[in-house]
Amino acid sequence: MTRFIHDKFAKDYLEELLKDYGEVKASEKVSGEIKEIDVLFTPAKQQTSKLQILGLLGRLAENPAIIEPYRNPASSDEICDCILKLLEVKALLRREAKANKIKLQESEIPKLWILTPTISETRLSSFGTVQKEDWLSGVHFLADAMRSAIVAIHQLPQTQETLWLRLLGRGSVQSQAIIELQALPLDHPYQKATLELVYNLRENLRVNQELETDDRELIMRLEPLYQRNREQAKEEGRQEGRQEGKQEGKQEGEKNLILRLLHRRIGEIDSLLIERIIELSIEQLENLGEALLDFSSVADLEAWLTQHSI
């Protein structure tokens with residue numbers, strides 16, 4: 001089933017985005033009937049201010065968090081299972097604090113974020129959720145004591161702030177987010193790595209024989225982006241090669257010029273000294289070109305090379 005492919009993508013994706021800001025544990029096992037938490041995140045204190053680059057996802061990760069992404073709309077039973085995982089983690093933390101004879105701080109208890117593409121009003125009402133004024137639409141909070149919220153990805157506004165969560169949506173929502181991801185500046189810290197994860201998802205889906213309609217459409221939408229990305233990578237490689245060639249040509253020309261100037265200045269130079277000059281960097285060659293104007297003998301060249309060679 002492709003659900004497992006998407007589950008792995010979601011875990012890898014969240015780990016890639018959050019690993020610079022704290023400790024990420026994917027598929028973390030908890031007690032009970034051997035349940036697994038999809039992503040357990042513990043922020044590093046000195047990094048929380050930098051999470052703004054991840055928009056709404058960064059806000060979810062400002063405090064310890066359990067993140068449970070769903071490819072299909074989360075059912076009532078699945079939401080209850082997530083809440084049970086949170087309660088088991090809280091109980092474990094309480095036991096550890098008691099064993100260490102310390103007080104468990106409220107800020108140390110994770111908050112649960114259930115990511116689902118869509119959810120019905122009936123289901124939200126059954127959990128008594130509310131929307132808070134200082135949060136975007138689509139984020140539905142359970143009672144404060146539950147430390148839990150349901151994020152309906154398709155209800156989020158289409159803004160830069162929600163991009164990193166909309167990438168975990170379905171259909172047109174995910175496709176639009178991928179287009180926006182592709183349009184980010186090439187030097188954006190997460191653009192390249194995220195695109196690679198998306199392209200890996202494409203490859204994993206392509207070899208699967210039982211694709212859902214959303215998955216087939218995703219592959220089709222990704223195909224031109226994938227080809228464009230590969231062409232860009234090839235062109236960057238060609239440009240890099242040309243640049244390296246120019247650099248090598250410049251360095252070779254600099255060496256020949258320096259050797260001619262030295263020959264005119266101090267006469268014949270033995271092969272050992274020539275080898276030492278050939279090993280110099282561009283910067284060292286330029287410095288030698290200035291210094292040789294003061295040379296009067298081979299001894300001056302030897303002394304300079306001894307002083308400046310690495």
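This is a predicted model: local features need pLDDT of at least 70, side-chain atom pairs count only at pLDDT 80 or more; totals for chains, interfaces and linings use all residues.
Local features are reported where pLDDT is at least 70 and side-chain atom pairs where pLDDT is 80 or more, whereas totals for chains, interfaces and linings use all residues. Residues are numbered from 1 along each chain as its sequence is written, and side-chain values use heavy atoms, with hydrogens and water left out.

Helix H11 spans residues 298-308, and Leu 301, Trp 304 and Leu 305 in this helix are buried, where buried denotes a relative accessible area under 20%, exposed over 50% and partly exposed in between, computed with a 1.4 Å probe on protein chains only. Helices are DSSP runs of H or I with at least four residues, numbered from the N terminus. When H11 is seen down its axis, the buried residues fall within an arc of 95°, so they line one face of the helix; the arc is taken over the directions from the helix axis to the C-beta atoms. In an α-helix there are 3.6 residues a turn, so residues three or four places apart point the same way. On the face of H11 turned away from the buried side lie the exposed residues Thr 306 and Gln 307.

Helix H10, residues 282-291, packs with its axis within 12 Å of that of H11, the two crossing at roughly 145°; the axes are lines fitted to C-alpha atoms over the stretch in contact, and angles between the N-to-C directions run from 0 to 180 degrees. The contact, defined by heavy atoms within 4.5 Å, involves Gln 284, Asn 287, Leu 288 and Ala 291 of H10 together with Leu 301, Trp 304 and His 308 of H11. By class, this contact of H10 with H11 comprises 4 nonpolar, 3 polar and no charged residues, with Ala, Val, Leu, Ile, Met, Phe, Trp, Tyr, Cys and Pro counted as nonpolar, Asp, Glu, Lys and Arg as charged, and the others, Gly among them, as polar.

The structure holds 0 disulfides, a disulfide being a pair of cysteine sulfur atoms within 2.5 Å. Cys 80 is in no disulfide, and the nearest cysteine sulfur, that of Cys 82, is 9.2 Å away. Cys 80 is partly exposed at a relative accessible area of 40%, while Cys 82 is buried at 0%.

Ala 10 lies in helix H1, residues 2-18, and is buried, with a relative accessible area of 6%. Leaving aside residues up to four places away in sequence, Ala 10 touches Pro 69 and Leu 168. The C-alpha atoms of Ala 10 and Leu 201 are separated by 9.8 Å, although these residues are 191 residues apart along the chain.
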